[in-house]
Amino acid sequence: MISRLFGRAADIDARKRTLLGIGSFLLPLLAWCLISYTPFIWHPKVLVTDPGGVDYFQVDMLVDKAMFKEEVANMQQAHLALPQGRPSNPIYLPAPDEVAKAFYNGFVNPPRNTDVPSMPASLWHSIQIIFWGFLISSVIGVPLGILSGTYATLGRLNEPFIEFFRYLPAPAFGALAVAILGIYNGPKIAIIVIGTLFQQVLIIANTTRKLETTLIEAARTLGSKNLKLLTKVVVPGILPDLYRDQRILLGWAWTYLIVAELIGTSSGITWFITQQARYQHFDNVYAAIMTIGLIGFGSDLVLARLGRRLFPWDRTQDRQ
Amino acid sequence: MNLIAPCLPSYLDQSDEVRARFERIRSREVILEVRKLGKRYRSPQGEVEALRGIDFSVRRREFVCVIGPSGCGKSTLIRILAGLDRHTSGEALLDGKPITGPGQDRGMVFQGYSLFPWLTVKKNVMFGPRMKGEGYDQAERDAKLWLELVGLEKFADAYPHQLSGGMRQRVAIARALVNQPRILLMDEPFGALDAQTRAKMQSHLIDIWKNIDVTVLFITHDLDEAIYLADRILVLKAHPGEVQEVIEVPVPRPRMPGQFNSPEFRATKARLETLIHPAPEPLPEDEQAVKPHMIRFTDVHDNVE
Ligand SMILES: Nc1ncnc2c1ncn2[C@@H]1O[C@H](COP(=O)(O)OP(=O)(O)OP(=O)(O)O)[C@@H](O)[C@H]1O
Ligand SMILES: [Mg+2]
């Protein structure tokens, strides 16, 4: 029994894996539904439907349960009309259907407020920032990582510094980036580059070093050296792992996005979220947060699929 | 010696036929010459002398096996010859020229998995010719030819991970031979294969060697394999790695699996055994008296012997 519970990941067959994967999403959703739709679970507030005799109550006002009870008692004593209300959750926890509606409206219906950018426009701006940040970082980081991993001297020459630099938090460079690059997209892209690049060099150098030495030695006995060794053996040899590293790094770039977008003039999805939170449209806030999650998760899923296509020889992909 | 095999002929006795064959080999030119070769590794624990004063030569189309206990420097020796490591003293000459680095005049087959996993079988074999600057079509033609020689033309478009261990090593052999090296260096190439596949690969290797102009230096720790394959066996001893003896194998060619029980074969094997696993020296009195204290974890009546 125990051994069945702790079955190795590889023993679980494909159908069961899919089911479990869906389950991993359904479980939190179920918890959310329970909290939202069963009035006796949590619901610390009361939504006033009829203020009754309480002068400061208004329809659709959220009050604490204790306060509501107190006012009901007060009204009973004063023989005034009793306030009516139903149990409700705080405003910062909208129910799933409200978020779903906000999600739908965000993409299908025009924005309610014209001075606030729409969700799709905000997202598109964010995606562009990520794209440029990650591209610039990769153009420098991938070759540098591969070279550092291949040539020990070059690795020693830059890795200690990079090791130091990566501990400097990227957001700390925000003010500096604004001073140098202005207030628009420049500093935002710079923060993503600073946040990604240094990790990227170290991770890719490490991946390169893990390439089987036998493969390099075999290639050398077959007559390849220098640049050919690099382009015909090292690069193709690490390519599947490099691709995996890039996928993970892209995820990190997303986490820097939120900080990056608060620098200079706020923009993108972060700006959308802060604006909506200010107006207490928490349904929109959740919808936007989930959209970020969906884009990140979805793009990673697509990249994983693509990886299996691109590298048919890579056995480690089968186990994912 | 006599204690082990009293009725066997000496491994030094050669039939006229075998003696004539060795005469013929000795008349051929020397391909590989190793003189007073030494190798010291510098490690944090201090210097290790992996090889000391190795002296031997290999003639054209000779099949030489190197055998010795683990850690005696077999891999070190073959890696120096392949140009992957540098020796620290003495010299190693191929066709009279000192070995300074890897080159296409020496092919190498490794024990482990050394095929490029991202290339198909055919492209793996094409790797050497392409490095030499051959055009794609020419390289492809060469590769097909050599794949045919190892009997894998049907798997030309498969990836290495789709092949069995024995097939992979056949591809590795084809990949090394396509460059037409002067000498084929093999470091325990069949070490990871099961006994049956291994036997097949041995006869297969002999067939290949018979049909092409190549000299083989083959490392193994399997005594039967060494005797079955080799003209001569270089026996190394460990700490430091030195040549203990060079044995001319008296088993006549062509070799067949049936010869494993022939007197020459057994005599040679007995000699190798005394060289590699010397009879254990009797333990001193007091050490013999100490018996390990064995605790019993099973039922008293539950005996297996
Ligand atoms: N890179 C190295 N640094 C330090 N010592 C080494 C190194 N490579 C090998 N040695 C030492 O040199 C000696 C010979 O090693 P080698 O691998 O050549 O032995 P081997 O005969 O091939 O052994 P095996 O049968 O186990 O393959 C060993 O004692 C080993 O510890
Ligand atoms: Mg070895």
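The legends below describe close-up views of a predicted model. Residues are numbered from 1 along each chain as its sequence is written, and chains are lettered from A and ligands numbered from 1 in the order in which they are written. Local features need pLDDT of at least 70, side-chain atom pairs count only at pLDDT 80 or more, and totals for chains, interfaces and linings use all residues, while side-chain values use heavy atoms, with hydrogens and water left out.

**View 1. Residues around ligand 1.** The shell consists of B:Tyr41, B:Ala50, B:Ser70, B:Gly71, B:Cys72, B:Gly73, B:Lys74, B:Ser75, B:Thr76 and B:Glu188; a residue belongs to it if one of its heavy atoms lies within 4 Å of the ligand. Helix H2 (residues 74–82) of chain B gives the largest share, three residues. Helices are DSSP runs of H or I with at least four residues, strands are runs of E with at least two, and both are numbered from the N terminus. Oxygen atoms of ligand 1 lie 2.7 Å from an N or O atom in the side chain of B:Ser70, 2.8 Å from a polar side-chain atom of B:Lys74 and 2.5 Å from a polar side-chain atom of B:Thr76. Of the 640 Å² of accessible area that ligand 1 has on its own, the protein covers 62%. Accessible areas come from the Shrake-Rupley method with a 1.4 Å probe; for residues, only the protein chains shown count as cover.

View 2. B:Glu188 lies in the loop between strand S7 (183–187) and helix H6 (195–211) of chain B. B:Glu188 is buried (under 20% relative accessible area; exposed is over 50%, partly exposed in between; 1.4 Å probe, protein chains only). The side chains of B:Glu188 and B:His221 are joined by a polar contact of 2.9 Å. A polar contact is a pair of N or O atoms within 3.5 Å; within protein, one must be able to donate a hydrogen and the other to accept it, and residues adjacent in sequence count only if both atoms are side-chain atoms.

**View 3. A salt bridge between chains.** B:Arg79 pairs with A:Glu217, with 2.7 Å between the closest N and O atoms. The pair runs from helix H2 of chain B to helix H9 (residues 213–221) of chain A. B:Arg79 counts as buried because its relative accessibility is 19%, and A:Glu217 counts as buried because its value is 15%.

**View 4. The B:Asp231 and B:Arg21 salt bridge.** The closest N and O atoms of B:Asp231 and B:Arg21 are 2.7 Å apart. B:Asp231 sits in the loop between helix H7 (223–229) and strand S9 (232–237) of chain B, and B:Arg21 in helix H1 (residues 16–27), 210 residues apart. Both B:Asp231 and B:Arg21 are buried.

View 5. B:Asp157 and B:Lys122 form a salt bridge of 3.9 Å, N to O. B:Asp157 is exposed because its relative accessibility is 57%, whereas B:Lys122 is buried because its value is 10%. Salt bridges link B:Lys122, B:Glu140, B:Lys144 and B:Asp157 in a network.

Definitions and conventions
Lys, Arg positive; Asp, Glu negative; His and termini not counted. Salt bridge = Lys/Arg side-chain N within 4 Å of Asp/Glu carboxyl O.
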